[in-house]
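Student: Can we go through this one together? I'd like to start with the rings.
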Amino acid sequence: MAALLLVTTLAYSSGKKALDRERQAIAKAEADFEKARAEKGLEGWLSFFADDTADFVRGGPFTFTKEEMRKHLEKTFDPADQLTWKPVQIDVADSGDLTYSLGNWQLKGKNAKGEEVTQTGKYITVWKKQKDGSWKVVADTGTVDPPHSNP
């Protein structure tokens, strides 16, 4: 009985360490993703998405390829916008091949009138481990906080 308990404890500890490593890998991937978007624009953004990613097109149907996402974003992506984000929670499936991050984002840019605007919101990003061991985004969406009002 003691041997079974020892094996179970060791397996749990080993599994927990593996999930913690994956959590750290996602935290690093999040930071690298933000940096790539800032430095390389649309191509930096897209480089973190899996080929079979889902795209949530506002007012339109889902798309399920990175190329369809590219076509959609080429119409709306503004490289001058400054998008930053920070995960506040990262959870990894026990299988170690699927994870999600929840966090806050901020976008600074210009509106149609050319005025500086800032938006904030929350996001969820779903990451899937690829065959080569890398992590890629398979779904990413968020909400926009209501505008702040001045008293």
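Tutor: A definition to begin: rings of Phe, Tyr and Trp (its six-membered ring) pair if their centres lie within 6.5 Å; planes under 30 degrees apart count as stacked, over 60 as edge-to-face and the rest as tilted. This is a predicted model, where local features need pLDDT of at least 70, side-chain atom pairs count only at pLDDT 80 or more, and totals for chains, interfaces and linings use all residues. Residues are numbered from 1 along each chain as its sequence is written, and side-chain values use heavy atoms, with hydrogens and water left out.

Student: OK, how many aromatic pairs does the structure hold?
Tutor: It holds 9 aromatic pairs. Take F33 and F49: their ring centres are 5.7 Å apart and the planes are at 80 degrees, so this pair is edge-to-face.

Student: Where do F33 and F49 sit in the chain?
Tutor: F33 is in helix α1 (residues 2–46), and F49 is in the loop between α1 and α2. Helices (H or I, at least four residues) and strands (E, at least two) are DSSP runs, numbered from the N terminus.

Student: Is F33 buried or exposed?
Tutor: F33 is buried, with a relative accessible area of 2%. Buried means under 20% relative accessible area, exposed over 50%, partly exposed in between (1.4 Å probe, protein chains only). F49 is buried as well, at 1%.

Student: Which residues form the aromatic cluster?
Tutor: F33, W45, F48, F49, W85 and W127.

Student: New topic. How many bridges join β1 to β2?
Tutor: 10 bridges join strand β1 (residues 82–92) to strand β2 (residues 98–110), and they run antiparallel. Two strands pair if DSSP finds at least two bridges between them.

Student: And what about β2 and β3?
Tutor: Those two are antiparallel, with 13 bridges. Q106 has T120 in β3 as its bridge partner.
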